[in-house]
Amino acid sequence: MEHFAYQDGLLFCDGVSIAEVSQQYGTPIYIYSEHAIRDNFRAFSDAFAEVNPLICYALKANYSLAVCKILREEGAGFDIVSGGELFRALKAGADPKKICYAGVGKTRSEIEYALNSGILMFNVESGAELDRISAIASNLGTRADLALRLNPDVDPHTHKYTTTGKKWTKFGIGFDAAAGLVQRIKDMPLVHLVGLHVHLGSPINSPEPYRRALDLMLDFLESCREQGAQIEWLDVGGGYGIEYKGGETADLADFAQAIIPAVKRSGCRAILEPGRCIVGNAAVLVTRVQYVKETGEKKFVICDAGMNDLIRPALYDSYHRVWPVSSAEPVPYGAEALDAKTGGRVVVDIAGPVCESADFFAKDRPLPPVRQDDLLAVFSAGAYGYSMSSNYNSRPRACEVMISGGSARLIRPRESHEQMVADERF
Ligand SMILES: Cc1ncc(COP(=O)(O)O)c(C=O)c1O
């Protein structure tokens with residue numbers, strides 16, 4: 001089902017008018033479809049049902065408590081990368097035994113917090129981290145279960161800033177070093193190696209990188225077992241691509257086809273850590289046009305949302321569909337979106353108010369003519385949108401609204417100027 005759709009020239013989310021919600025709560029505003037979040041989770045879960053994986057939602061993609069709670073209700077566990085994310089997951093009612101903890105820089109206090117909370121496992125990223133976990137577990141007299149996060153040197157063919165499975169990145173442990181750690185763990189009385197983990201990067205639009213990484217992981221798994229390690233979990237990470245433009249990614253069935261046979265061969269239970277494909281297409285960011293500006297060189301549509309609200313285009317050169325909330329024609333997909341000849345479209349840069357030339361949502365984009373005070377929807381904004389937002393230029397963060405059962409519910413009010421400075425001292 002299409003959760004964001006045009007009816008009679010106006011954009012609706014599950015039957016609720018985007019224009020009315022934006023008018024009521026103001027702009028910029030993130031508008032989520034609860035129905036879409038649940039559908040996406042169920043579609044993911046169904047695609048992998050044959051191996052009954054533990055699905056640990058990567059809450060870095062969107063950490064809002066309302067979103068986490070919906071996913072917890074759906075049965076999700078959580079993939080976390082900080083003490084703050086652990087706090088959020090628990091606050092949303094997560095079962096600690098469904099939480100796995102990755103990240104290259106876990107501090108002592110974060111490790112203690114996770115051990116005291118009884119999480120399922122750490123995904124360990126270095127020998128030094130392993131030593132630290134072992135020492136803290138001994139101090140606390142607590143068992144620490146862990147997986148080794150492997151770096152298979154496999155290219156996920158995505159932006160270099162979101163590539164994590166290649167050797168030149170800071171993530172994971174190469175196979176030779178990991179083999180040494182498997183030995184060392186044997187002398188750590190409270191540390192138990194229960195899994196192997198990999199996360200190649202994000203977004204990944206083809207199943208091939210997973211296939212290659214899993215082949216390498218299974219060879220390594222065999223050698224671990226030969227050394228007596230009792231590995232129960234195979235954590236394949238996240239990264240599953242979504243359609244930002246239209247038609248650019250494999251679908252879930254393709255990813256499942258690459259992953260399921262390897263999981264079966266491993267004899268382990270799988271952990272999967274999807275983030276983007278659960279929430280990415282479950283939200284739009286709505287912004288109001290402030291000015292249309294022509295410089296002689298170019299035409300700019302200047303909006304009230306900026307890179308502080310959605311940094312992906314600036315940081316990763318990412319593509320988001322942007323389209324007027326009021327439009328006789330629905331937002332075009334794929335190559336059509338770049339066609340400047342249809343329907344009197346005008347080629348514009350869609351930019352924000354932030355004092356950076358990187359502050360844009362789209363460059364040289366054909367758009368129907370828009371005017372001051374028109375609303376624009378930035379699509380596929382649910383993942384790494386609000387969660388990467390900031391107060392840059394002292395701009396209060398946007399509000400968030402959830403559309404559920406035919407009505408809109410504020411899940412996070414717009415930040416006020418007062419709130420931005422409330423904890424500061426001078
Ligand atoms: C360890 C780990 N797991 C899972 C994810 C989620 O990736 P995605 O949102 O693309 O599914 C990330 C994202 O960076 C990650 O670092």
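In strand E2 (residues 10-13), Leu11 is the bridge partner of Tyr6. This is a predicted model, where local features need pLDDT of at least 70, side-chain atom pairs count only at pLDDT 80 or more, and totals for chains, interfaces and linings use all residues. Residues are numbered from 1 along each chain as its sequence is written, and side-chain values use heavy atoms, without hydrogens and water.

Strands E1 and E2 pair in the antiparallel sense over 4 bridges. Pairing requires that DSSP finds at least two bridges between two strands. Strands (E, at least two residues) and helices (H or I, at least four) are DSSP runs, numbered from the N terminus. The open sheet here has 3 strands in the order E1-E2-E3, with antiparallel pairing. E1 (4-7) and E3 (16-17) stand at the edges with a single partner strand each, so one side of each has no neighbour in the sheet.

Now to strand E10 (residues 191-197). Of its 7 residues, 6 are buried, so E10 is largely enclosed by the rest of the structure. Buried means under 20% relative accessible area, exposed over 50%, and partly exposed in between (1.4 Å probe, protein chains only). Strand E9 (residues 144-149) runs parallel to E10, joined by 6 bridges. Leu148 stands opposite Leu196 in E10. From E9 the chain crosses through helix H7 (residues 175-185) to E10 in a right-handed β-α-β crossover. Right-handed means that, with the strands pointing away from the viewer, the path from the first strand over the helix to the second runs clockwise.

E10 also pairs with strand E11 (residues 233-235), in the parallel sense over 3 bridges. Gly195 stands opposite Trp233 in E11.
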